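Please examine the sequence and the structure shown below. The report that follows describes a few selected sites.

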Amino acid sequence: MATVKKSKKKVVVPICIILVIAIVAGVIFGVVNSNSGEEVTLYTIATDDIHESVSLTGEVTSGAAKEYKVGSVATVKEVFVEVGDEVKKGDVLATFDTESLDSQVASLQSAYNDACDSYDDAVDAQKQAKSKAESLNKSITKLQKRIDKMEKDLNKTTKATTTKKSTTKASTDTTKSNQQNVSNILATTTTKPTTTTTQPSTTVDDGSPKYAVNASAYPSALAGTITGGGVFKQSEKTVLKAVPNNGYSFFGWYTSNTDIITGASPISYSPSIEVKYNGTDVLNYYAVFVENSAGTGTTSPQATVDDIVATLNTLNENIASITNDVQTMTALTQVVATTISNAISSGQLNNEAIAKLVGDEVSKAIKDGIIDSTKLLVEDDTAVKMIESAVSSIDFAALAKGVSDSDNAQLTAAQIQLTALYAQYEICTAQASGAVTDAQKKAVDAAKQALDSMKEQQQEMAEGWKADFDGTITDVSISPDGTTTAVSSGITLENMNTLAVTVSLGEYDVHKVKVGMPVTVTTAYGTYDGEVSFIAPTATGGSSSSILDSVGSMAGISGLSSLTDSGAGVECTITIDDPDENIIVGFDADVQIETGSYLGVTVVPVESIQMQKEGSYVYLYNEEDGTVTKTLITTGAISDTAYEVTSGLKPGDKIVATPSTEYEEDTFKVKVVDSKKK
């Protein structure tokens, strides 16, 4: 078989074609790759000089000027100058009748004295409260030790059931957790009242005039027992006592069935009353009893310590909601506590009766000034009704029974008493703090400032206004026999031989500007050299109100804030060198204050920096790999065109001249299309 040889030439041709394609592709890829990346213009960092300045606009004024203002209500006696008059230092400009100022000074003096008295009272109250708080703290510590011992002794001598143990622990824990928030009004009034019986007179009839006392239970004899009735000599007295039967509580004494039916108030809420002859041979008394809430034939359910604490807490919150003044709340609490204590001590346990007694006593305390009604958050009548409602919701019979029938009544009473001490301690601690005295001290300082300002005005106007320097009168806004106001203008005196520009420095510029700094003043007619000659020590302008107006309002005087300066700008005076007739007082002028020169420092153009919340950034060029990286820098002095760089860059570094805000990466490839230097 013949063999056919393949041509090597045919194999070489495809290989050459593949190589050509590969070379072409490589060239194309290289070209494309060389053209990839963000196109940027670079800026080379160098050193330069920065001249920092503050640019402002102000008003051209005379070099020396004073505005004489009344600052209060007064009557003008005489005016000795007119606009355009030339005056010498010491010349009298105007005189005033200061009689009205005398009364204003007296009024402010009275307000100042009252403020001092209030401050002294606050200091005394603070001392007393601090002393009482210390005493209460000792009592709390002592009582807590006593309770701990009672609980320890009780655990040793008594084995209670598991249920009872858990109940006792829960009660004790609840009491302790509320000890600093609860005002225990009944802490000293939970003992069971004792009763005595005064029997009718058994004196042998000697023929002397007599009178009869008839006493009966209402609605029936089943409700309670009455003692003390009978026939007595007109010189004798008797005591009626009402004792409720099981399921009832005493409400009050009446002398008429009609009053009972119509719902009139009883003559007394006390279960025990004294009766004596009043000119009537027969005296009728009715002891009204009401069924307990649990129903006829049953007694009020016994309250646990938890119930007592919760009840007292609720009552305290109701009292606290009527006023946010500590002293007023204390006075209210004392009146309510004393009234409830007296009622329960006399044997009165009916909630409605006790509520009425409390309401009457609170009303009386407000009328007598014991309770400051101006410190109440509601009207007087509303406050009384709110307290009555809170008191009437308390089942006093259950509270009393809860303590007297407790397995350890002494321990229960002690726990409630501890709650009362904590509540009193909290109030005293608040009074002992410096909050009240600090507020009173500020009121004293404000009143003193207002008084001193008015006295200064009084003295100045009593002597009459006198020129402080040689100058020209440029404004007169008062006239003889006219009445001034606290905000009216008076007389303006100016020295026209020197001119200045008055500007207001903001809080960021005031620390840069110093007296003596050079200034360029520009007006519509040219540019002038100047110098900073004065910087006010305090801010002026802005708000026209102050605490002085509050003091003046209390004293019946308005506009006191015009006597002092307040606001948010610092006045700065710039003296103009060699002014000419083209600079006119009252016109505006632009000023540029040179605040500093920084020579030969590293600088970066303003447009090369990106300001972000975290700081100032530039994009630094890495020539080796053709990338730029977002770089944090620290700046110093600033001019209109450049920033001083104190860290992050050095001369010779290259950065992106105008970086885009749309860069998505912190480091990326770039294509340099241009480079420039300073």
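A patch of negative charge on the surface gathers Asp114, Asp117, Asp120, Asp121 and Asp124. Patches consist of residues with over 30% relative accessible area and no salt bridge, with like charges joined within 9 Å; a salt bridge is a side-chain nitrogen of Lys or Arg within 4 Å of a carboxyl oxygen of Asp or Glu. One of these residues, Asp114, is placed in helix H2 (residues 99-157). Helices (H or I, at least four residues) and strands (E, at least two) are DSSP runs.

This is a predicted model, in which local features need pLDDT of at least 70, side-chain atom pairs count only at pLDDT 80 or more, and totals for chains, interfaces and linings use all residues. Residues are numbered from 1 along each chain as its sequence is written, and side-chain values use heavy atoms, without hydrogens and water.

| Residue | Class | Relative accessible area |
|---|---|---|
| Asp114 | partly exposed | 46% |
| Thr573 | buried | 14% |
| Asp578 | exposed | 70% |

Thr573 belongs to strand S18 (residues 569-576). Among the residues that Thr573 touches are Ala500, Thr502, Glu531 and Phe534, where contact means heavy atoms within 4.5 Å.

Asp578 lies in the loop between S18 and strand S19 (588-605), and its phi is near 50 degrees, a positive value. The peptide bond from Tyr218 to Pro219 is cis, with omega near 15 degrees. Most residues other than glycine have a negative phi, and most peptide bonds are trans.

Note on methods
Buried < 20%, exposed > 50% of the residue type's maximum accessible area, 1.4 Å probe, protein only. Patch = residues over 30% accessible without salt bridge, like charges linked within 9 Å, V, L, I, M, F, W, Y side chains within 5 Å. Areas by Shrake-Rupley, 256 points an atom, 1.4 Å probe, with all protein chains shown as cover. Lys, Arg positive; Asp, Glu negative; His and termini not counted. Charge placed at Lys NZ, Arg CZ, Asp CG, Glu CD. Lists of a residue's contacts leave out its neighbours within four places in sequence.
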